[in-house]
Amino acid sequence: MVTLEDAEKLFKGYSTELYTIKDPANPPTSDDIAKNIKVYLTEEHYTAEIANRKFQIPELVAKQINKSIEVQDVTLEEQSKNDDGTIDYLYTTKFKVYDDTSSKLYEKEGELTITTINDELKIKREWSRGVEIDGMEVGGL
């Protein structure tokens, strides 16, 4: 049985791997991010995110605004348990965008579906609204 704590732990790990950019001048590549994220996603969702080039977005945003990005917290709210064993959630990810002179917190909201494959939790679907950072509308962040 999937607990809310287990789902939040999975999603926080995923979000941290995806969005953490410590050095905007030398961010991890989208290939590095994709490799680290694969364990959190179903094969189908992983393939779709590669095709959508989602793993490039944090790298590009950090370079564009020349600031670091760090996940602060994630919260999930269960929406429904589905007949196929998946669970749908609404989520909020709080992250900090900062440099040596400034720091600002942002929130990203979205939807998430978690499934169990071979006794491991996996993200089957993730969708989010865009976030505006330093005047830049960022759809995938």
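A: Strand S2 (residues 87–98) pairs with strand S3 (residues 103–117) in the antiparallel sense, over 12 bridges. Here strands (E, at least two residues) and helices (H or I, at least four) are DSSP runs numbered from the N terminus, and two strands pair if DSSP finds at least two bridges between them. This is a predicted model, in which local features need pLDDT of at least 70 and side-chain atom pairs count only at pLDDT 80 or more, while totals for chains, interfaces and linings use all residues. Residues are numbered from 1 along each chain as its sequence is written, and side-chain values use heavy atoms, with hydrogens and water left out.

Five residues lie between the strands in the hairpin of S1 and S2, where Gly85 takes a positive phi near 95 degrees.

Put together, four strands form an open sheet in the order S1-S2-S3-S4, with antiparallel pairing. S1 and S4 stand at the edges, and each has a single partner strand, so one side of each is left without a neighbour in the sheet. On average, and with direction ignored, neighbouring strands of this sheet are turned by 30 degrees against each other; axes are lines fitted to C-alpha atoms, for helices over the stretch in contact, and angles run from 0 to 180 degrees between N-to-C directions.

Thr75 counts as partly exposed because its relative accessibility is 35%, where buried means under 20% relative accessible area, exposed over 50% and partly exposed in between (1.4 Å probe, protein chains only). Leaving aside its neighbours within four places in sequence, Thr75 is in contact (heavy atoms within 4.5 Å) with Glu8, Leu90, Tyr91 and Thr92. By contrast, Thr75 and Ile57 are 18 residues apart in sequence and 22 Å apart in space, C-alpha to C-alpha.

A helix also belongs to this picture, for H1 lies across S1, S2, S3 and S4, running at about 145 degrees to S1. The axes of helix H1 (residues 4–19) and helix H2 (residues 30–37) come within 9 Å and cross at roughly 170 degrees.

As for confidence, the mean pLDDT of the protein chain is 91, and 95% of its residues reach 70 or more; pLDDT is the predictor's confidence in each residue, from 0 to 100. Confidence in the protein chain is highest in S1, at a mean of 96, and lowest in strand S6 (residues 136–138), at 65. Where pLDDT is low, the predicted coordinates should not be read in detail.
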